Amino acid sequence: MPKAAPTLTPVALLPSLAPLLHEWLPRQRWFAGKGRPVTGFSLASVTELLPGCLHLLVRAEQSGAAPEPGDVYQLLLGVRKMLPPPLAPALVGHATAGPLTGLTVYDALQDPQVAALLLERLRTPGRLGPLRFGCDAGIPVPAGLAPRLLATEQSNSSLVYGDTFILKVFRRIHFGVNPDLELPLVLARHGCPRVPAPAAWIQTERPEHATLAVLQPFLRGSQDGWQLALRALADRRDFTREAHALGRATAEVHTALAAALPVVTLGRAQTELLAAAMRERLEATARAVPTLLPHVPGLRAAFDAVTQVAGSRPAQRVHGDLHLGQTLRTDGGGWAVIDFEGEPARPLAERRRPQPPVRDVAGMLRSFDYAARTQLPWRPEWAESCRDAYCTGYAATAGTDPRDEPELLRAYETDKAVYEVLYEARHRPDWLAVPMAAVRRLAQD
């Protein structure tokens, strides 16, 4: 780190970092603005987190994003004279201007020394500039746990410490209370054993309140629900017992959330707004993915049908993006639910809004369909049996069967399939056929 620490203000640092970030940031897996040129950067916050490690909140300005401000990303950047060979993959670039001239900048999350020091900082609550470190005193975090960065980065980065704890570092920052900290805290305090309880977390107050990272117990020996389903399909095994148990686990989470947080009632006006938002997402996706256009009338009918059902319905906090990949089967054979962030592409206020629990059920039903579509020949009977078992398990615990609201269930499945179409078109075009198969079915129901 340069000696002139007082000059490390956002204005002073930008000439050093902006040229490097132009090249490095858009290449990252978690960069959300792919396909739109970056036109500039601004530093929303700079904190010297550790000696030789800067904590930054960086706003990336992009063409086509106006009038909305660009996305904000959380970066932990290390600064050294030169990188040792093991850190070569972490290189961001060599600064040629500003206060970091002549120094090498790298992604500090890939540095085991920085990761270890970060854990030490998390073990003690306190403040550092705008950063707030919080922890649950009832969950002791041992010192000296060896860190390793998980290679499977998606929208966030994750560090595992000693196969005991896992730190999720949010990359794209949404200002406000992140449900991925809020809901697990609520569920833990309510005694729900289906969700790993947060042990520590980092938040910031500048430029606005935001959740930056969450440390939770790492469920050693657990198996990812998505991978379990794929193995069952590959082995041509039945998966209904697992799906039934998963339905019960989902209902337990919903029951705990309804007991801990307010439940509201959606009347006709709110249902109309719900359907209108779904129609808007459909129209926007059809403009972005023309393949969807022929199916728009049929899909729109699914949303219209929701508004024709009389009466009101309860809404509560839900997971918001539930699928097999958000579940873990533990050593003991039970299911745990993780990643309460919701769909990252949607505004935080929307993700924190009470919604009918059927939304989560629909997400999981889509996930069974997705899994079955990964195998050739396509096995619709496998998906159907899982969907039935999941709903039966859910009803056995919740006391209400999601299949008793067929219009709402179809609407949420349709909305989810539309979301999947946009996601696959942008990130995995080879997978677009999977949600399009669901689109054709849902448009004809």
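A salt bridge here is a side-chain nitrogen of Lys or Arg within 4 Å of a carboxyl oxygen of Asp or Glu. By that criterion the structure holds 33 salt bridges. The model is predicted, so local features need pLDDT of at least 70 and side-chain atom pairs count only at pLDDT 80 or more, while totals for chains, interfaces and linings use all residues. Residues are numbered from 1 along each chain as its sequence is written, and side-chain values use heavy atoms, with hydrogens and water left out.

**Stop 1**

Select Arg132 and Glu205, whose side chains meet in a salt bridge (2.8 Å, N to O). The pair links distant parts of the chain, 73 residues apart: Arg132 is in strand E7 (residues 131–135), and Glu205 is in the loop between strand E12 (200–204) and strand E13 (210–217). Helices (H or I, at least four residues) and strands (E, at least two) are DSSP runs, numbered from the N terminus. Arg132 is buried, at 14% relative accessible area, whereas Glu205 is partly exposed, at 47%. Buried means under 20% relative accessible area, exposed over 50%, and partly exposed in between (1.4 Å probe, protein chains only).

Next select Asp180 and Lys168, whose side chains form a salt bridge (2.4 Å, N to O). This pair also links distant parts of the chain, from Asp180 in helix H3 (residues 179–189) to Lys168 in strand E10 (residues 165–170), 12 residues apart. Both Asp180 and Lys168 are buried.

Then go to Glu424 and Arg428, joined by a salt bridge between their side chains (2.7 Å, N to O). Glu424 is buried, with a relative accessible area of 2%; Arg428 is partly exposed, with 32%. Now select Arg281, Asp321, Glu343, Arg346, Glu350, Arg359, Asp415 and Lys416, which salt bridges with shared partners join into one network.

**Stop 2: Asp415**

Keep Asp415 from that selection; its place is in helix H11 (residues 406–427). Asp415 is buried, with a relative accessible area of 4%. Show its contacts (heavy atoms within 4.5 Å): leaving out residues up to four places away in sequence, Asp415 touches Met278, Arg281, Phe303 and Arg346.

**Stop 3: the largest cavity**

The structure holds five cavities of 30 Å³ or more. On a 1 Å grid over the protein atoms alone, a cavity is a set of points where a 1.4 Å probe fits but cannot get out, and lining residues have an atom within 4 Å of a point. The largest cavity has about 90 Å³ of space, a volume being the space filled by probe spheres set on the points, with grid points joined across faces, edges and corners.

To see its lining, select Gly320, Asp321, Leu322, Glu343, Arg346, Arg359, Asp360, Ala362, Gly363, Tyr412, Asp415 and Lys416. Helix H9 (358–373) and H11 each supply at least two of the lining residues, and H9 gives the most, with four. Colouring by class gives three nonpolar, two polar and seven charged residues. Ala, Val, Leu, Ile, Met, Phe, Trp, Tyr, Cys and Pro count as nonpolar, Asp, Glu, Lys and Arg as charged, and the others, Gly among them, as polar.

**Stop 4: Pro344**

Finish at Pro344, in the loop between strand E18 (335–337) and helix H8 (348–351). Pro344 is partly exposed, with a relative accessible area of 21%. Apart from neighbours within four places in sequence, Pro344 is in contact with Ser155, Arg172, His174, Arg351 and Tyr419.

Notes. 1 Å grid on protein atoms, 1.4 Å probe; cavity = no way out; pocket = protein on both sides within 12 Å on 5 of 7 lines; lining within 4 Å.
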